[in-house]
Amino acid sequence: MLRGIENIQYCDDAISFDQYFMTWPAPQGYTTGVKEVLRTLLRYAKFASDYVDALDSMLGNPAYDTDAKGLIKQIIERLETTPVQQRCCSAPLTQDLGKNRVTGVDSAKVAGVRFEDQHSREHGYHSLFKNKVSAVAFFYTRCQNPSKCSLTVTKLAALQRLVGHDNLQVVAITYDPEYDTPDRLRTYCEHRGMRFDDSTKALRSLGSSLDVIRDYFRLGASYSGSLVNAHQIELYLIDAQARVVGAFVNLQWQPQEVAREMYEIQVSRPIPAFP
């Protein structure tokens, strides 16, 4: 249930059990997806004793409103006064759950790849990724699912705010390089909070580079002609030797979790405490 809350916290919306389609202004007594999951967790709190720390950290997250934080406090209070019960789901919340470790992938395979950024500047793969730890997420501007590409770029902007001051790199690469021109990339990403600098870029691959990129990252995207017709949610971690060393594939990754991973890869810096 906590993983479910993480997956919808940035796209939570009003719902009502009295009507199928919401009208605005919302009727009295409406609720939200996050609050309903929290109410369920409150009912079964006796099984959640392993997650007190995770719940406590949620109180500092601005994604949750006053009512949601009130429910979280009730769950914590119930846990503190309830004897530990036999647990059905006691694996730590921090287990991998779709986060895949990838180690030492040879970046020579992509040495010839060329990119164009949001300002129409060209870059080679190694000139972009050598000597920096990077988070690379894939998206495209014609995506119609607000819980995929639009949300991915919004969370990249949040990740940028967490790590940008420490020279860790945040990169968005389009699945759709023919359509996603530099102007489209820049406008789409800026409207979702990204601010471009030397450590934050939106890219499209040039020439036949897309095929090499798809093979190298083993991207979960399929095409009908030049149009993307299906894709996963995909974010990859690249070390300072330009090697892929980790991936968050087909799950709603969280900026704080990715930031921690980036600091761990960049071992020369202490890991901050993220809310």
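The following legends describe an overall view and several close-up views of a predicted model.

Residues are numbered from 1 along each chain as its sequence is written. Because the model is predicted, local features need pLDDT of at least 70 and side-chain atom pairs count only at pLDDT 80 or more, whereas totals for chains, interfaces and linings use all residues; side-chain values use heavy atoms, with hydrogens and water left out.

**View 1. Overall composition of the protein.** The protein contains 9 helices and 12 strands; helices (H or I, at least four residues) and strands (E, at least two) are DSSP runs numbered from the N terminus. Of its 275 residues, 47% are buried, where buried means under 20% relative accessible area, exposed over 50%, and partly exposed in between (1.4 Å probe, protein chains only). The accessible surface amounts to about 14,000 Å², and carbon and sulfur atoms account for 48% of it; these areas come from the Shrake-Rupley method with a 1.4 Å probe, and for residues only the protein chains shown count as cover. Among contacts between residues at least 6 apart in sequence, 68% link residues at least 24 apart, a contact being heavy atoms within 4.5 Å.

**View 2. Packing of helix α6 against helix α9.** Helix α6 (residues 146–163) packs on helix α9 (residues 255–265) at an angle of about 45°, and their axes lie 9 Å apart. Axes are lines fitted to C-alpha atoms, for helices over the stretch in contact, and angles run from 0 to 180 degrees between N-to-C directions. The two helices are therefore oblique to each other: angles under 35 degrees count as roughly parallel, over 145 as roughly antiparallel, 65 to 115 as roughly perpendicular, and the rest as oblique. The crossing of α6 past α9 is right-handed, meaning that the near helix is turned clockwise from the far one by less than a right angle. From α6, K155, A158, L159, L162 and V163 meet P255, Q256, V258, A259, M262 and Y263 of α9. The residues of this contact comprise 9 nonpolar, 1 polar and 1 charged; Ala, Val, Leu, Ile, Met, Phe, Trp, Tyr, Cys and Pro count as nonpolar, Asp, Glu, Lys and Arg as charged, and the others, Gly among them, as polar.

**View 3. Surroundings of F129.** F129 belongs to helix α5 (residues 125–129) and is buried, with a relative accessible area of 1%. Leaving aside neighbours within four places in sequence, F129 contacts F115, S134, V136, Q169, V171, I238, D239, A240 and A242. F129 and I238 are 109 residues apart in sequence, yet their C-alpha atoms are 7.4 Å apart in space.

View 4. Most residues other than glycine have a negative phi. A242, which is not a glycine, has a positive phi of about 70°. A242 lies in the loop between β11 (234–238) and β12 (244–249) and is buried, at 0% relative accessible area. Phi of N131 is also positive, near 75°. N131 is placed in the loop between α5 and β6 (134–139) and counts as exposed at 67% relative accessibility.

View 5. A14, in strand β1 (residues 14–15), is buried, with a relative accessible area of 12%. A111 is located in the loop between β3 (99–101) and β4 (114–117) and is partly exposed, at 41% relative accessible area. A111 and Y125 are 14 residues apart along the chain, and 5.9 Å separates their C-alpha atoms.
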